[in-house]
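Hi,

Here is the structure I promised to pass on to you. Have a look at it first, and then read my notes below.

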Amino acid sequence: MSVNHLIFRNLKKNLKNYYLYVFALIFSVALYFAFVTLQYDPAMNDTKDSIKGAAAIKAASVLLVGIVSIFLLYANNIFIKRRSKEIGLFQLIGMTKSKIFRILTAENFFLYFGSLIIGIFIGFSISRLILMILFKITGMDAVASLNFSSEALIQTVVVFCAIYLFIMLMNYVFIKRQSILSLFRVVSSTEGKVKKMSIFEIIIGIIGVISIISGYYISSKLFGGDFTTMYELFGAMIFILGSVIIGTYLFYKGSVSFIFNLIRKKKDGYLNINQVLSLSSIMFRMKSNALLLTIITTVSALAIGLLSLSYISYYSAEKMAENQVAGDFSLIKTEDADQFKKELAANDIPFNENKIDVIQVDANLKEILGNLNGLMVDPKAMTTPVISDKAVKNIDVAPGETIFTGYNDLLQKFMSLKDSGNIEMKGQNEVIPLKYLGLKKDFVVSGYFTNGGQPIAIVDETVFERLKEDVNPAIQKESSIFIGITLKDEADLEKANDLLIKMNVSDDNYFSSRLEISNMQKKTMGLIMFIVGFLGLTFLITSGCILYFKQMGEGEEEKPNYTILRKLGFTQGDLLKGIHAKQIFNFGIPLVVGLFHSYFAVQSGWFLFGSEVWTPMIIVMVIYTGLYSIFGLLSVIYYKKVINEAL
Amino acid sequence: MHILEANKLHKSYGNKLNKQEVLKGIDITVEKGEFVSIMGASGSGKTTLLNVLSSIDKVSSGTIKIEGKEMTAMKEKQLAEFRKHHLGFIFQDYNLLDTLTVKENILLPLSITKVSKRDADEKFNAVAAELGIQEIKDKYPNEISGGQKQRTSAARAFIHGPSIIFADEPTGALDSKSASDLLNKLSELNQNRKATIVMVTHDPVAASFSSRVIFIKDGQIYTQLNKGEQSRQTFFKDIMKTQSVLGGVPNER
């Protein structure tokens, strides 16, 4: 058997084992190539203008390389350790180390560059699809056509060749450092499996749980008003990050085996087959895998959290735009409004008009303001937009009363209002005391008047007239009339929007369009979501693969155990049930912990991103969980094969 | 009463063109409470015979009955069920699960049957006392000696009171002191519990602990020796004699 023959045989065998590795490699090459192609694509100029699309994609591709190279190096590390016996055998029969290295290099070369070529090919064919997805998400009307970019090709090849060289370097160091003896021993030395539980471990476990919980606790307080200055806020964030990550590590290192140990102690040796295969096996590997699981959990949490947040802002784009505009279109100049109405009429677009007078009044809100969280305003003289109750349907306040309306969660966090209390409206000459009755959610005037999200006060018509007579001109806005236009037929929205844009109103501040704002938001958040989405997917696949490879190794190692158990009379079904339980833990624990982390991360700051939290977050989590479970299923299938062969 | 009855066992490996017959029509009967050794040179087919008798391997033709139930006709699932309740195993390389403590390993066969925890504890204490492994019950296999491992393995084989126990070279990896310790324990258990033991070995010393020795050569039964009333020493000499006649390489041990 010649060396070439040997290489070929190894390759054939490995391909069957490492199909997932090849798949992950092809996937990452394809994605990277597609990203780089986008980066060099002239069509991206469109996006580039507004939000630096190419730069964002470039940053994403750098991150992608980071994730992929860590994955490849790690996977390679697993593989070479697994083949240490074979390497030892080659050495034993007199092959030199450099010859073994050459064999491995050649073998890897075919596997790696084969995947690279396929990956580039696929990447090229899907890059158009990816561009179409991007356009779809960001709501752009460009036609997705792609040219083969030789720059992209060169960049991809160079980057992946560099990674290949790194892998080879690692293999070289690995082979160089090993003697024949240690090669035979490598598997047993890395799994220092069976040890007794110590008090120390129990303490570590408890500390882990405590630090995770305290991190969660602080995160729920993050924007609750306890941290007022920038430094405190920043410090709190660092603390949360640190305590959660370290806590996660300690949790894996100690808590899991600690909890399992309690269960096991209680059983007093009387374990059933499920527990034999899951409990005892996980307990001991949990420790050696603590670091890996921590990394996977943390980055999963990060991916889910970021995906959720970007999806939240994408998802709430329309809602936010609605709040900003208070209608389909809002204008603040009567002449603009008249022109727009004429245009609408000329185009047969039916609409409703809603005119509201808005004045700005300094109000003493001291009594009803909770805390201001370092906001630089004077609660005794806050400039507040005021309208008459006549302008709002369904709301009628008595002369001595007022209702506030139109708040968002973000403002509520920084400027919380109490349920009731007394306030004062200060005009030039007189001060009108009013009874504050509460806060409503509806937005009745556009963001122009509310400084982006401040609640407005609704007062009785007579009070409004008195305040209007007595206004302080210094704090008034340029316009004090809000003209809201709502179309009767939603289908005309786009057409009407075009008309408004064509009118060339001199200043952007003079009008706002719901469609325009929501599109703008979607464009920005869409690109971010697109990038985060693909990075998240890459991470999902690579981390899933790593867990799968780990399980493959474990399965091989535990094969003798399955042989014993089957000889003792356990059926394949019995064993498989135990494996199910084990895999639910192995894949489930990092997933559940990751989901919890991201849940708390999202809960602590979602209001900065949008107005809806549950739907988008749950959608993201469900999709992530679904895709992630595929790897768990694959590993169960692999175990099934191992168990089958065990007897 | 025949606890094990095997008729005309044939076993061959390989395909039609290149067929190798390992067992060529073996008939064996084992009575309840017997301690039978199977001896033979390497390649004589003794391990194959044990695997076939213990349902781990399938015969090419022939029938095996244990307690009157025909095993050769059973499906894989039934066989597993049968092994669970009626068979016990002791292997040369112990076959203990590294991740479980000694006690957990021993209790493993009970976990499938519906034995209450108290009964299980009782059974464990009884068998552990007999084999002298009570002190090490909370240790893991890598913390105990080879002899202790094999006694653990034996305890596991005995705990659920199987109809028959198969031992494959149980002393193969032990030093002579641990080996004779184990064999003494085995014959004690054989007498106290009326347990039936079928042991494969190539060691005449080990074989001399049993009540009957079956010699196998080239896949057929060559001869049998009964211990009867004679002492272990004389029985050992008989075995040695037969073994040298058999033409296998006499074992130095």
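Before the details, a word on strand pairing: two strands pair if DSSP finds at least two bridges between them. Helices (H or I, at least four residues) and strands (E, at least two) are DSSP runs, numbered from the N terminus. This is a predicted model, in which local features need pLDDT of at least 70 and side-chain atom pairs count only at pLDDT 80 or more, while totals for chains, interfaces and linings use all residues. Residues are numbered from 1 along each chain as its sequence is written, and chains are lettered from A and ligands numbered from 1 in the order in which they are written.

Let me start with chain A. Its secondary structure consists of 21 helices and 10 strands. Of its 647 residues, 41% count as buried (20 or more other C-beta atoms within 10 Å of a residue's own; 12 or fewer is exposed, in between is partly exposed, and C-beta atoms are placed from the backbone). Taking contacts with a separation of 6 or more, 87% of those in chain A link residues 24 or more positions apart (a contact means C-beta atoms, placed from the backbone, within 7 Å).

Strand E9 of chain A, residues 481-487, is mostly covered, with five of its seven residues buried. Strand E1 (residues 329-331) of chain A runs antiparallel to E9(A) and is joined to it by three bridges; here Phe329(A) stands opposite Ile485(A). Strand E2 (residues 351-357) of chain A is also antiparallel to E9(A), through seven bridges, and Ile356(A) stands opposite Phe482(A).

Chain A also has a closed barrel of six strands, in the order E3-E4-E8-E5-E7-E6, with mixed pairing. On average, neighbouring strands of this sheet are turned by 45° against each other, direction ignored (axes are lines fitted to C-alpha atoms, for helices over the stretch in contact, and angles run from 0 to 180 degrees between N-to-C directions). Helix H17 (residues 461-469) of chain A packs on the sheet, where it touches E3, E4, E6, E7 and E8 of chain A, and its direction makes about 130° with that of E4(A). As a parallel example, four bridges join E5(A) (residues 401-405) to E7(A) (residues 431-440), with Phe404(A) opposite Leu439(A).

Now to chain B, which has eight helices and 10 strands. Its radius of gyration is 18 Å, close to the 18 Å that the globule rule gives for 253 residues, so chain B is as compact as a globular protein of that length (the radius is taken over C-alpha atoms, and the rule is 2.2 Å times the number of residues to the power 0.38). The C-alpha trace of chain B spans about 50 × 45 × 35 Å along its principal axes, and 46% of its residues count as buried.

Which helix would I look at there? Helix H5 of chain B (residues 146-158) has 11 of its 13 residues buried, so it is largely enclosed by the rest of the structure. Among the buried ones are Arg151(B), Ala155(B) and Phe158(B). The buried residues of H5(B) pack against strands E6 and E7 and helices H3, H4 and H6 of chain B.

Finally, the interface: 19 residues of chain A are in contact with 25 residues of chain B. On the chain A side, H11 (273-288) and H19 (514-567) each supply at least two residues, and H11(A) gives the largest share, five residues.

Best wishes

Technical notes:
Contact = placed C-beta atoms within 7 Å.
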